[in-house]
Amino acid sequence: MREIKQTCENEELLKLCNKVRELISAADYNNCYDIICLAMRVFPDAPHPHNLLGILLEQKGQHAAAMRHFRAAYALDPTYLPARQNLESFGTFYSSGDCAFDESDCIPKQTNQTVKHNVGFVVRKGCVK
């Protein structure tokens, strides 16, 4: 029973991501904001609405507020790749401007990036657009 509920919830969140993508591309920011706020009430523990609100705020030029919502999405679920990609993409001085609405925008990297330090090295696994 729990798996069925989770599947339905995932389908609704995917529909939400697609709807927000459409509204942002149409620059219908007011309706987009209302839909995201409703989703936050319906799915309070899901990272998707916070990630989407971060994208909306970034589109409106409210970078600091957008970063807060990307961090909130990441805090709710550190395995949610779109939030991590958006944090990395918009958290640099040279932002690519590409946003990850859902997992389909986040393609796993085939090769790992190795960062060498004085003591050892770190292998970062992530996603690339």
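How many salt bridges does the count come to? By the rule used here, a side-chain nitrogen of Lys or Arg within 4 Å of a carboxyl oxygen of Asp or Glu, the count comes to three. This is a predicted model, in which local features need pLDDT of at least 70 and side-chain atom pairs count only at pLDDT 80 or more, while totals for chains, interfaces and linings use all residues. Residues are numbered from 1 along each chain as its sequence is written, and side-chain values use heavy atoms, with hydrogens and water left out.

Start with Arg21. Its salt bridge with Asp102 has the closest N and O atoms 3.4 Å apart. Arg21 lies in helix α1 and Asp102 in the loop between α5 and β1 (107-108), so the pair ties together parts 81 residues apart in sequence. Helices (H or I, at least four residues) and strands (E, at least two) are DSSP runs, numbered from the N terminus. Arg21 also meets Asp105 in a salt bridge, at 3.2 Å from N to O. This pair links Arg21 in helix α1 with Asp105 in the loop between α5 and β1, 84 residues apart. Shared partners join Arg21, Asp102 and Asp105 into one network.

Accessibility has three classes: buried is under 20% relative accessible area, exposed is over 50%, and partly exposed is in between (1.4 Å probe, protein chains only). Asp102 counts as buried at 2%. Asp105 counts as buried at 9%. Arg21 is partly exposed at 26%.

Another salt bridge joins Glu12 and Lys15, at 3.8 Å from N to O. Both lie in helix α1 (residues 2-25), three residues apart, about one turn of the helix. Glu12 is partly exposed at 41%. Lys15 is exposed at 54%.

Now turn to helix packing. The axes of helix α2 (residues 29-42) and α3 come within 9 Å and cross at roughly 160°. Axes are lines fitted to C-alpha atoms, for helices over the stretch in contact, and angles run from 0 to 180 degrees between N-to-C directions. α2 and α3 are therefore roughly antiparallel, a term for angles over 145 degrees. Tyr29, Cys32, Tyr33, Ile36, Ala39 and Met40 of α2 make the contact with Pro49, His50, Leu52, Leu53, Leu56 and Gln59 of α3. Contact means heavy atoms within 4.5 Å.

His50 sits in helix α3 (residues 48-59). His50 is buried, at 17% relative accessibility. Beyond neighbours within four places in sequence, His50 contacts Met40, His69, Phe70, Ala72, Ala73 and Leu76.

Terms used. Angles under 35 degrees count as roughly parallel, over 145 as roughly antiparallel, 65 to 115 as roughly perpendicular and the rest as oblique.
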